[in-house]
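The sequence and the structure come next.

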Amino acid sequence: MKLSRQFTVFGSAIFCVVIFSLYLMLDRGHLDYPRSPRREGSFPQGQLSMLQEKIDHLERLLAENNEIISNIRDSVINLSESVEDGPKNSQGNFSQGAGSHLPSQLSLSVHPADCLFASQSGSHNADVQMLDVYSLLSFDNPDGGVWKQGFDIEYETNEWDTEPLQIFVVPHSHNDPGWLKTFNDYFRDKTQYIFNNMVLKLGEDSRRKFIWAEISYLSKWWDIIDNQKKDAVKSLIENGQFEIVTGGWVMPDEANPHYFALIDQLIEGHQWLENNLGVKPRSGWAIDPFGHSPTMTYLLKRAGFSHMLIQRVHYAIKKHFALQKSLEFFWRQNWDLGSVTDILCHMMPFYSYDIPHTCGPDPKICCQFDFKRLPGGRLGCPWGYPPQTIHAENVQSRASLLLDQYRKKSKLFRSKVLLAPLGDDFRYCEYTEWDLQFKNYQRLFDYMNSHPHFNVMIQFGTLSDYFDALDKAAANQREKSQSMFPVLSGDFFTYADRDDHYWSGYFTSRPFYKRMDRIIESHLRAAEILYYLALRRAEKYKINTFLSSSHYKSLIEARRNLGLFQHHDAIAGTAKDWVVVDYGTRLFHSLIVVEKIIGSSAFLLILKDKHVYNSYSSDAFLDMDFNQKSQDSLPHKNVIPLSKEPRHLVIFNPLEQDRTSVVSVYVNSPTVEVSSASGEPIKVQVSAVWDEKNVISETAYEVSFLAHVPPLGMKVYKILESASSNSHLANYVLHNGKAEDTRIFNVKNNVLGRESITLENSFIAVWFGHSGLMQKMMTKEDGKHHEVRVQFSWYGTTRKADKSGAYLFLPDGDAKPYVYKLPPLVRVTHGRIYSEVTCIFEHVTHRVRLYHIEGIEGQSVEVSNIVDIRKEYNREIAMRISSDIKNENRFYTDLNGYQIQPRMTMKKLPLQANVYPMTTMAYIQDAECRLTLLSAQSLGVSSLKSGQIEVIMDRRLMQDDNRGLGQGVYDNKITANLFRILLEKRSAVNLEEEKHPVSYPSLLSHITSSFMNHPLITMTKKFSRDLELLGEFSPLLSPLPCDIHLVNLRTIQSKVGDGYSDEAALILHRKGFDCRFTSKDTGLLCPTTQGKMLVQKLFNKFTVESLTPSSLSLMHSPPDAQNISEITLSPMEISTFRIRLR
């Protein structure tokens, strides 16, 4: 019986394979969904080249079919297992979905084993779960005495009789790469002198130590110093006096950056260190980011770090951890089922990282040991007790006073090893400060160390000196069979430094640049990928014009400008106005440069005859369809002039999956024809371009069509003016306003009565109210109606003395509804590619668009807001989505686009404490549904009432919030925000699981987010000369598995000089996803493969010469690193490989 069942299964599988292969062949031959279209008639060409192209096409089809067959084989094995073992709850592998603009699509083929990960509960074995800590704490704020936010600390003098207290005093200088001054001005006025004096002063006494974090500054100084100084720095590093900590380009913000940029600035710093100093940092140092994310922790662990330090954590959490002696802990990822992500973390216990708050609990005493504040200087002690120079007469009393603080601080920790940082912002700038701090402290050390009754060993140290001693103490403790440190999981948002002063304002401050940051990221990533592939082609064909271009130098500059912007006062939006302009100008310059690299690299790759490239000047070969005029203006589309001669559009897909997306370009004629490279006509929609809210342009028209582009590949389309074109014109209905009569478009003017506005496609229907705002949605899969109501609202600022500013959100109570005096103009567009509703309010132009396509982009609603609050006074504007989802007080936000962190809205906390950072998504859910807001920029988000998601879009604040910036936020720009709203039906939900500290997006949600953050890049051929282009460029043999994202393909710098090497860093991320959502009709032809990929099956027309594993930032290679033939990634894993293509 069992045997006959197996034969049946096997026979069915063979039949499926044959039918499916035939379907694929026919599908690719007759429909315009091929990865490589028929190219007959595409360009005049010789028989040989046609034959060659057909052979290439067949090769690719065979490779894909092999891939599909092997996936089916795996599925058959699983199916036969499930037949033997009884039914399992796995989704069917292939099912058909209907489609108007696509051939019937496969559902996602999800391997059942890939669903196990998300169904397990994550770090169930953590001793401390931050969600539980939040539930436990009362968040009252009693006066703690000298340690205002803490408690009195007592000790017995004999506690160190058996084991002395070992103290490491760690001199440091925190240098913001831009804040009150620009990066260059700080370097000129301060930082260069810190480095120059360091070389001299550390050289005077080998007992002196110093640590440094920001490589952006170190590299700038390195470029201007002589070899003698360089050698001195190297010898200071070798003998352990000077340590580089973290070693990123900056000390990044941890709330707003995307993990792409966090990794990139880490690689930039680590590669610079390797090439210039041969140094590999091993301890993390993050004293100033305003709250801490476990994503950064994970990235440090993957880069080879074993220890790290953090400082800005909510004062109530610091106090709780101090009482529990849990300030040092193993930080484990929420999703980690074992302990592979553990990294030892030290949390500084007091208010600040400055000297008054780092020697012990009493700042008025610690301040007396900051010798820069000696009487007569510019800086004093606000507590009224100045420092004293240390000499023979006072050394005993001063040493006892200081040691008392050290001892009290040590009582908050579990070991007899103590860290005492000694520094502040831009310290050790003057020659005199080095002498004052080091000489006075050395006198104190010598005295303490020479008097045994103190039971202390004290010295200057680096951060790693401290952690090495701590490890030794922990190892001794382990021999006594107990681990010294607890395990913690969770994050440290939202930060408060005192009272109800929550730092949730900076999650939104300067949103214009938060959006610009994400645009630069997607362009830089596209440039990196195309550049490396073009470089390999240029090497092969000896295209010297490309090889000798300045592209690589420009790429490094763009990486560094993006890296600089991840600094915790840059992307955070917490710098002076002119510093913001400096960051913006750098980003803008980088955007222009990477667009040029994209155009140049894409041109080389799509050229039929590569050698033609040499005969062109270095000017861009392909033009972007977008143009941005200045660092503070929104990008706008270029108008393509059409004629009877076809223009070529080159469309690049920066993602690793086959993609079907809508492309829209502006042209100068409404009679337009679009065809594939081989001449097959493509359906288009021609829409109006609105010069003003009710005036249609007579010089520009928008053409939209569906492009099918291979993964990481390009497709060429032709566009021309054609009187015989059957272009479909969009229809318009205007409510509460009139449009001028137009000869081209059908525009109906209406006064909005009782009838509602509806948009629908084959997945969803959406209803809108009289003001043009969304009111409800219906999912066609189950026919259910859901309230999904969009509203705008205002927050004011409190009447108290301390008000909202760049950092702080201190509202005057709940948000007030957005009230408009006149009904807004509502413009409804109906077309065959997309339909939309646009409503124009005084401060927001709000657009909701539905795409009429099968596949990813048809399953969610696109929401775009153009926000302008430049005339407002102390107000913040929010968009609120209200639904009938019963999420109670639980919601979910992402951290850095990498992982999901469950949140709880707590009544015991003020409103501003319940606002959290959202980098790419936030969602709410109940047993039936999940509602996700996907975001293309970082903003502050909350769910203050059940069923709600609220996002703060912009803030204009007229005063400083007393955190050092010295100004409000009033340099607002007209700002674009882009979102998608995705409503998904949940199945097989166990409500107990909702309490787990971990959650995952669906695959659909992941891919929708990727599509939004990495849109297709459309380019036009710049010149009219008839050049032969390939119909498509397809560098991958088949799409990557659906859950694997190619984070970057980053050309590695040559060991010698500033040029490129022949290697790149291939960075891959396997995403964790929840299977309990439908995966039908996604339009994706990628399976999941349990994280496995065969190296030789990755690339098409490129040979993988070598592929070796590396640590995340390329600092370390495994001891047995060798060429691998198969890549295997665990869920959530981000891994870097050194790859060499030929």
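Which residue's side chain is joined to that of glutamine 901 by a polar contact? The partner is asparagine 334, and the contact between the two side chains spans 2.9 Å. This value, like the others here, is computed from a predicted model.

**Glutamine 901**

Glutamine 901 belongs to strand β37, which covers residues 899-904. Its relative accessibility is 2%, and the cut-off for buried is under 20%, so glutamine 901 counts as buried. Leaving aside residues up to four places away in sequence, glutamine 901 touches Leu131, Asn334, Gly490, Asp491, Phe891, Tyr892, Thr893 and Leu895.

**Salt bridges**

Side chains of opposite charge can pair when their charged atoms come close. Across the whole structure, a search finds 57 salt bridges.

Where do glutamate 204 and lysine 201 lie? Both are in helix α5, which runs over residues 183-204. Because they are three residues apart in this helix, about one helical turn separates them. Glutamate 204 has a relative accessibility of 45% and counts as partly exposed, whereas lysine 201, at 2%, counts as buried.

Lysine 439 and aspartate 435 are both found in helix α13, residues 431-449. They are four residues apart there, about one turn of the helix. Is aspartate 435 buried or exposed? With a relative accessibility of 17%, aspartate 435 counts as buried. Lysine 439 is at 38% and counts as partly exposed.

Aspartate 812 has a relative accessible area of 36% and is partly exposed. Lysine 816 is partly exposed too, with a relative accessible area of 42%.

Salt bridges can also share partners, and in this way Asp370, Lys372, Arg373, Arg378, Arg427, Glu430 and Glu433 are joined into one network.

Note on methods: Residues are numbered from 1 along each chain as its sequence is written. This is a predicted model: local features need pLDDT of at least 70, side-chain atom pairs count only at pLDDT 80 or more; totals for chains, interfaces and linings use all residues. Side-chain values use heavy atoms; hydrogens and water are left out. A salt bridge is a side-chain nitrogen of Lys or Arg within 4 Å of a carboxyl oxygen of Asp or Glu. Helices (H or I, at least four residues) and strands (E, at least two) are DSSP runs, numbered from the N terminus. Buried means under 20% relative accessible area, exposed over 50%, partly exposed in between (1.4 Å probe, protein chains only). A polar contact is a pair of N or O atoms within 3.5 Å; within protein, one must be able to donate a hydrogen and the other to accept it, and residues adjacent in sequence count only if both atoms are side-chain atoms. Contact means heavy atoms within 4.5 Å.
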